Amino acid sequence: MMSAVLQCLGDNWSPTIGDPSVMGWVTVVAYGVTALLCALAFRGEPARRLRLFGYGLTLLLALLMVNKQLDLQSALTAGARCLAQLQGWYEDRRAVQVGFILVLLLYCLGFGIFLIWIMWGHLGQIWLMVLGLIFLLAFIAVRAVGFHHFDALISAQISNVRMNWILELGGLIMIGANAVWMILARRPR
């Protein structure tokens with residue numbers, strides 16, 4: 001079965017630039033700038049747990065920056081489609097997609113609660129960053145599923161601004177704003 005899925009995936013997906021538009025590249029740059037801001041915000045941080053969180057977030061943002069243009073989540077979607085076709089449940093995929101989205105959202109919520117719990121003593125410094133991270137991960141997870149109704153929502157436009165940009169860049173802005181605040185708060189007056 002696995003070799004059939006891999007064959008189907010090879011036939012239906014190939015790595016390409018995921019979003020060659022200007023806004024696609026703006027988003028890539030936003031990931032990079034946000035990762036850099038996080039690295040600067042947590043550089044020399046004396047609290048070990050906070051420093052680990054910051055460097056983990058920096059690494060995650062750098063990986064998401066690379067993924068933004070490699071579009072690896074489309075390989076996941078294509079692989080799931082191949083699996084559904086090979087196993088014969090492709091026609092009933094909507095229920096599976098809805099269930100998968102709910103599981104992903106619950107996972108993101110659980111991750112957020114866990115993150116808040118372990119970072120409890122530091123939330124005064126990073127609450128907006130944590131909120132932005134949860135928001136960003138939930139968006140990416142649901143987007144990766146390729147659920148048609150969600151795709152229609154994020155493709156909607158308000159005054160030539162796509163919801164996709166608002167949702168993805170919104171999480172990055174929250175994270176970056178918190179990082180800038182941390183950098184400025186450390187500066188000697």
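Predicted model: local features only at pLDDT ≥ 70, side-chain atom pairs only at ≥ 80, totals over all residues.
Q: How do you know where confidence in the chain is lowest and where it is highest?
A: The guide is pLDDT, the predictor's confidence in each residue, from 0 to 100. The chain has a mean pLDDT of 84, and 93% of its residues reach 70 or more. Confidence is lowest in helix H7 (residues 148-155), at a mean of 62, and highest in helix H2 (residues 22-42), at 94.

Q: What makes up the chain, in helices and strands?
A: Helices (H or I, at least four residues) and strands (E, at least two) are DSSP runs, numbered from the N terminus. By that rule the chain has eight helices and two strands. From the N terminus on, the order of the elements is α-α-α-α-α-α-α-β-β-α. The C-alpha trace spans about 65 × 35 × 30 Å along its principal axes.

Q: Why is His 122 called buried?
A: Buried means under 20% relative accessible area, exposed over 50%, and partly exposed in between (1.4 Å probe, protein chains only). His 122 has a relative accessible area of 18%, and is therefore buried. His 122 lies in the loop between helix H5 (93-118) and helix H6 (123-145). Contact means heavy atoms within 4.5 Å; leaving aside neighbours within four places in sequence, His 122 is in contact with Ala 47, Arg 49 and Leu 50. Of the 189 residues of the chain, 38% count as buried.

Q: Why is Trp 25 called partly exposed?
A: The relative accessible area of Trp 25 is 41%, so Trp 25 is partly exposed. Trp 25 belongs to helix H2. Apart from neighbours within four places in sequence, Trp 25 is in contact with Ile 17, Asp 19, Pro 20 and Gln 69. The C-alpha atoms of Trp 25 and Met 65 are separated by 9.8 Å, although these residues are 40 residues apart along the chain.

Q: Why are H2 and H3 called roughly antiparallel?
A: Axes are lines fitted to C-alpha atoms, for helices over the stretch in contact, and angles run from 0 to 180 degrees between N-to-C directions. Angles under 35 degrees count as roughly parallel, over 145 as roughly antiparallel, 65 to 115 as roughly perpendicular and the rest as oblique. H2 and helix H3 (residues 48-70) pack at an angle of about 165°, with their axes 8 Å apart. H2 is therefore roughly antiparallel to H3.

Q: Why are H1 and H4 called oblique to each other?
A: The axes of helix H1 (residues 2-12) and helix H4 (residues 72-87) cross at roughly 125° and come within 9 Å. H1 and H4 are therefore oblique to each other. By class, their contact has nine nonpolar, three polar and no charged residues. In this classification Ala, Val, Leu, Ile, Met, Phe, Trp, Tyr, Cys and Pro count as nonpolar, Asp, Glu, Lys and Arg as charged, and the others, Gly among them, as polar.

Q: Why are H2 and H8 called roughly parallel to each other?
A: H2 and helix H8 (residues 163-186) pack at an angle of about 25°, with their axes 9 Å apart. H2 and H8 are therefore roughly parallel to each other. The contact of H2 with H8 has 16 nonpolar, three polar and two charged residues.

Q: What makes Leu 169 count as buried, and which residues does Leu 169 touch?
A: Leu 169 has a relative accessible area of 15%, and so Leu 169 is buried. Leu 169 is found in helix H8. Not counting residues up to four places away in sequence, Leu 169 touches Met 23, Thr 27 and Ala 30. The C-alpha atoms of Leu 169 and Val 28, 141 residues apart along the chain, are separated by 10.0 Å.

Definitions and conventions. Residues numbered from 1 in each chain as written. Heavy atoms only, no water.
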